[in-house]
Amino acid sequence: MLPSSWLAIAAEDPRWALASDIRGRDPFGGRDCGWVESMRPFIRDFSQPGDSVLDPFCGFGTTLIAAAWEGRRGIGWEVEPQRIQLAQARLARLGYAQAIVVPSPEGRPAEPVDLIATSVPYFGSGWRGPEREIQPSDADLVVPYESGAVVAIAGWFEARGFRLTRWGAPITAPSIAEALPHTEYIRAERLDASGTLCRFDLYFGRTPAIFLEAQRRSVLVDDLPMRLEDDLRPPPTR
Ligand SMILES: C[S@@+](CC[C@H](N)C(=O)[O-])C[C@H]1O[C@@H](n2cnc3c(N)ncnc32)[C@H](O)[C@@H]1O
């Protein structure tokens with residue numbers, strides 16, 4: 001949070017925080033889960049009790065909990081089936097029954113909604129802020145969003161003994177082409193000779209801006225274009 005932010009929340013209410021067992025079931029440890037407290041003021045200010053609130057990237061259902069808390073009807077869209085299960089488990093524990101669905105290809109709400117409130121997916125977004133030219137992002141490699149390139153690069157990792165997963169579920173390089181419309185990234189992992197875990201998160205750059213940035217900063221690995229992120233993290237030790 002920047003010092004100029006007008007919404008300064010010191011602590012998260014443990015009643016609504018993502019439970020540790022649910023966090024533990026998420027392959028990314030729930031690192032992109034927001035706070036219910038951050039969403040409440042927006043829902044309160046921009047909608048009325050009884051209104052419907054849509055979060056089109058609802059993740060763990062944080063917005064839906066805030067909506068229920070404010071007496072609104074929450075509707076969630078989420079592209080990852082595993083995330084939907086985790087969000088539904090979280091909501092059920094709190095006694096909230098709010099709809100979460102995989103969005104339709106057209107991406108239009110089935111019914112009119114009163115408010116759309118979300119925190120957007122930011123994997124590999126390369127957001128430019130005041131502190132650094134390129135902010136840390138969650139992706140280690142940005143790959144052009146094109147099935148030939150994605151399958152080739154995933155195959156490059158696979159051929160070198162990396163295990164490929166998508167949200168914790170195993171995936172093979174050829175099958176990524178079919179999954180592409182609903183896949184933003186995959187993870188490649190293997191143990192090196194010393195037993196250290198090597199992990200890469202590959203993000204598929206859909207937008208022209210990300211694609212051009214990836215091309216500008218690309219390096220060639222076996223003639224495949226790849227971009228190494230600034231914040232390539234040292235692999236965690238086991
Ligand atoms: C930043 S997270 C949202 C976290 C959420 N605010 C919370 O606190 O739980 C963004 C979510 O958008 C989902 N997502 C990405 N692309 C999507 C798409 N095309 N349609 C629906 N959901 C998508 C991701 O799977 C991820 O769960």
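The score pLDDT is the predictor's confidence in each residue, on a scale from 0 to 100. This is a predicted model, in which local features need pLDDT of at least 70 and side-chain atom pairs count only at pLDDT 80 or more, while totals for chains, interfaces and linings use all residues. Residues are numbered from 1 along each chain as its sequence is written. The protein chain averages a pLDDT of 76, and 70% of the residues score at least 70.

Two residues are in contact if their C-beta atoms, placed from the backbone, lie within 7 Å. Where pLDDT is low, the predicted coordinates should not be read in detail.

The protein chain contains seven helices and eleven strands. These are DSSP runs, numbered from the N terminus: helices are H or I over at least four residues, and strands are E over at least two. Among contacts between residues at least 6 apart in sequence, 59% join residues at least 24 apart. Of the 238 residues, 29% count as buried. A residue is buried if 20 or more other C-beta atoms lie within 10 Å of its own, exposed if 12 or fewer, and partly exposed in between, with C-beta atoms placed from the backbone.

Four strands form an open, parallel sheet in the order β3-β2-β1-β4. Its edges are β3 (99–101) and β4, each of which pairs on one side only. Strands pair if DSSP finds at least two bridges between them.

| Strands | Sense | Bridges | Facing residues |
|---|---|---|---|
| β1 and β4 | parallel | two | Leu54 and Ile116 |
| β6 (residues 163–166) and β8 (residues 185–191) | antiparallel | three | Arg163 and Glu189 |
| β6 and β7 (residues 169–170) | antiparallel | two | Thr165 and Pro170 |

The largest nonpolar core has 22 residues, of which Ile43, Leu64, Ile65, Ala66, Ala67 and Ala87 touch the most other members. A nonpolar core is a set of buried Ala, Val, Leu, Ile, Met, Phe, Trp, Tyr and Cys residues joined through C-beta atoms within 7 Å. At least two residues each come from α2 (36–46), β1 (52–55), α3 (62–69) and α4 (81–93). The greatest contribution to this core is that of α3, with six residues. Leaving aside residues up to four places away in sequence, Ala67 touches Ile43, Val53, Arg72, Arg73 and Gly74. Apart from this core lies another, of 16 residues, including Leu141, Ala154, Ala173 and Ala188.

How many residues of α3 are buried? Eight of the eight are, so α3 is largely enclosed by the rest of the structure. They are Thr62, Thr63, Leu64, Ile65, Ala66, Ala67, Ala68 and Trp69. Their cover includes α2, β1, β2 (73–77) and α4. After α3 comes Gly71, whose phi is positive, near 75 degrees.

The ligand is surrounded by 19 residues, and the closest are Gly34, Phe57, Gly59, Phe60 and Thr62. By type, the shell divides into eight nonpolar, six polar and five charged residues. Ala, Val, Leu, Ile, Met, Phe, Trp, Tyr, Cys and Pro count as nonpolar, Asp, Glu, Lys and Arg as charged, and the others, Gly among them, as polar.

Ser175 is in helix α6 (residues 173–179). With 14 other C-beta atoms within 10 Å, Ser175 is partly exposed. The C-alpha atoms of Ser175 and Val151, 24 residues apart along the chain, are 8.2 Å from each other. Ser104 lies in the loop between β3 and β4. Ser104 counts as exposed because it has 10 C-beta neighbours inside 10 Å. Between the C-alpha atoms of Ser104 and Val79, which are 25 residues apart along the chain, the separation is 9.6 Å.

Note on methods. A residue is near a molecule or strand if its C-beta atom, placed from the backbone, lies within 6 Å of it.
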